[in-house]
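Open the model in your viewer and keep the selection tool at hand. The stops below go from one interface to the next, then to single pairs of side chains.

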Amino acid sequence: MSADNNVIISVNDLKKYYNGGEVKALDGITTDIKKGEVVVVIGPSGSGKSTFLRSLNLLERPTGGTITFEGKDIMSSSTDINKLRQQMGMVFQHFNLFPHLTILKNMTIAPMKLHGLSKEAAEKKALDLLRRVGLQDRAGAYPAQLSGGQKQRIAIVRALAMDPDVMLFDEPTSALDPEMVGEVLDVMKKLAEEGMTMVCVTHEMGFAREVATRVIFMDCGKIIEENTPDQIFTNPQNERLKSFLQKVL
Amino acid sequence: MYTKKANQILIIGIIALILAVFPMVGTACAIFGLIVAARNKNARTLIRADVGRGLSIIALLINIVAIIYLILFKQISHTPAWLMSLREAFYATKFYSDFENNFITDNRYTFIRKGLGVTFEVTFFAVLLGIALGVVVALIRSSYDTLKEELKGGFGKAILFILYKICGIYLTVIRGTPVVVQLMIIYFVIFASSNNKILVAVLAFGINSGAYVAEIIRGGIMSVDKGQFEAGRSLGFGYVRTMAFIIIPQAFKTVLPALANEFIVLIKETSVSGYVGLQELTKGGDIIRSRTYSAFMPLIAVAIIYLLIVIFFSWLVSLLERRLKNSER
């Protein structure tokens, strides 16, 4: 719809109903995500934030509405969703590293099998990425041997190894011990500074305020307020947002 | 740091096995291997040390049997008088006359030997068939569960639905009827015109085992965290590749004990092949019994052979299990 060439994901009237409309997890979400933007989605539990994020790469199948990614309707049957997902990195709350593979193999399996990279090229790239997050010495370890913070940093670079155009973060720090939150947020901050387009569901208000270019506040499956972090945190308009911020800040 | 000791234990085990041609030396070597293994318990954290210890035990058993054979039966030019009298005494026992009657007269041991071969043959091919069928059925059933949302109707979904239903019927029928009955139906009804008993047994036990393997593997697939599937899909892997690279390897590890159990059951289940006249191990022992009218020797011999096979197989599986545990350190 938007003629703006910078729009990378365009969401229009997105709906996700359960039990035939009884439960409305998403109730008409419309928004555009532009190249280089860092969009942080906040909201109370059950507001539909995660469902919204997971709809963007079709891990959840929406009930209605459209999502366009780089000009392609992702829900159309002629679209190869596996190809599109290669362009969208995803980071999960519970890391979801592959426990039967070493860190290096976790990071090289997708580039090798999907991009046809040679083993050497994929490993070189993986080691470069590991160096960026300071974990190059853990390449031969298995996920079970790492701390939560380390696992999540690996999960981020595993997604980056596919050279995605967008990174989706689904509460990346919610399952971490408090002292490990910082190391993961640092990696995400660096990524944002490098110009990566990011959509991030999080409860880290500090991160939202500092790194986001735009904050979306959701409740009951709807976008209630959408603005720059500055406006959201210092000058909230909606009553629901005000009471939410009072509780979390 | 225990690598050196572990290597030693492994090498001693292999040597002990080879030395079984000289039973005295072989026994000494096997015992030496066991002592080294016992004194270096730490080395057994490495699988190869455990393999070496296992080989030593096997070598010890073989050697002891060989020594007993040498002492009691081997004809040498100058057999000492004390050995002769020992032999005379042994030959006079009821145990020996029973043994001779059941296994040596008319080369009756060949019933056991040939039967063992048939049991191995049937089990081996039935296991292969069981795994192949089981994996296919498990994949069809679990993919229908996960893909019925993704495939929005159309041809693919219809095919999958039909296959899903066929698999359901297969599981119900096979698990709902006794394997002996299935065996007899295949032999007397379906293959009534053919007399290839081994093929019939392979088919019957393979098809039967496949149903149980299918449910074991499906259980394993379902036990893998849903997040693993999502992680695979979000990287861009399709359904098939996510299953192949991410889900199945993890599922295999969880189901290995149950799968091993299924194959132990299968080995022993082949003993009912006698119903269609296939001369496998049990039938072999039974034929001896029917000729000699003594039940103890042949049946105990058959039981011991099954027991040894199962112990050996369980040991192999435990090694494989340890190998797969690497990622949990």
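How many residue pairs are in polar contact between domain 1 of chain B and domain 2 of chain B? The count is one residue pair, with both residues at pLDDT 80 or more. Bear in mind throughout that this is a predicted model.

**Stop 1: the two domains of chain B**

Select residues 2-92 of chain B for domain 1 and residues 109-328 for domain 2. The centres of these two domains, taken over C-alpha atoms, are 35 Å apart. Nine residues from domain 1 of chain B and five residues from domain 2 of chain B make the contact. Together the two domains bury about 540 Å², and carbon and sulfur atoms give 70% of that area.

Now show the side chains of B:Arg322 and B:Asp50. They form a salt bridge, with 2.7 Å between the closest N and O atoms. Across this interface of domain 1 and domain 2 of chain B, the rule finds one salt bridge.

**Stop 2: chain A against chain B**

Next, select the residues of each chain that touch the other chain. Between them the chains bury about 2200 Å², with 58% of it on carbon and sulfur atoms. On the chain A side, pick out A:Arg61, A:Phe98 and A:His100, which lose the most area to chain B and together make up 24% of what that side buries.

Then go to A:Arg54 and B:Glu230. Their side chains form a salt bridge in which the closest N and O atoms are 2.7 Å apart. The count of salt bridges between chain A and chain B is one. Polar contacts between the two chains number seven residue pairs, both residues of a pair being at pLDDT 80 or more.

**Stop 3: an aromatic pair in chain B**

Over all chains, the structure holds 15 aromatic pairs. For one of them, select B:Phe73 and B:Tyr96: the pair is tilted, with 5.9 Å centre to centre and 35° between the planes. B:Phe73 lies in helix α3 (residues 47-73) of chain B and B:Tyr96 in helix α5 (residues 94-104) of chain B, so the pair ties together parts that are 23 residues apart in sequence.

**Stop 4: a salt bridge within chain A**

The structure holds 24 salt bridges over all chains. For the last stop, select A:Arg132 and A:Glu194, whose side chains meet in a salt bridge at 2.9 Å, N to O. Why does this pair tie together parts that are 62 residues apart in sequence? A:Arg132 lies in helix α4 (residues 119-132) of chain A, whereas A:Glu194 lies in the loop between α6 (178-193) and β8 (197-201) of chain A.

Definitions and conventions: Residues are numbered from 1 along each chain as its sequence is written. Chains are lettered from A and ligands numbered from 1 in the order in which they are written. Side-chain values use heavy atoms; hydrogens and water are left out. Buried area is the accessible area (1.4 Å probe) that two parts lose on being put together, summed over both. A salt bridge is a side-chain nitrogen of Lys or Arg within 4 Å of a carboxyl oxygen of Asp or Glu. A polar contact is a pair of N or O atoms within 3.5 Å; within protein, one must be able to donate a hydrogen and the other to accept it, and residues adjacent in sequence count only if both atoms are side-chain atoms. Domain bounds come from an automatic or database domain assignment. Contact means heavy atoms within 4.5 Å. Rings of Phe, Tyr and Trp (its six-membered ring) pair if their centres lie within 6.5 Å; planes under 30 degrees apart count as stacked, over 60 as edge-to-face and the rest as tilted. Helices (H or I, at least four residues) and strands (E, at least two) are DSSP runs, numbered from the N terminus.
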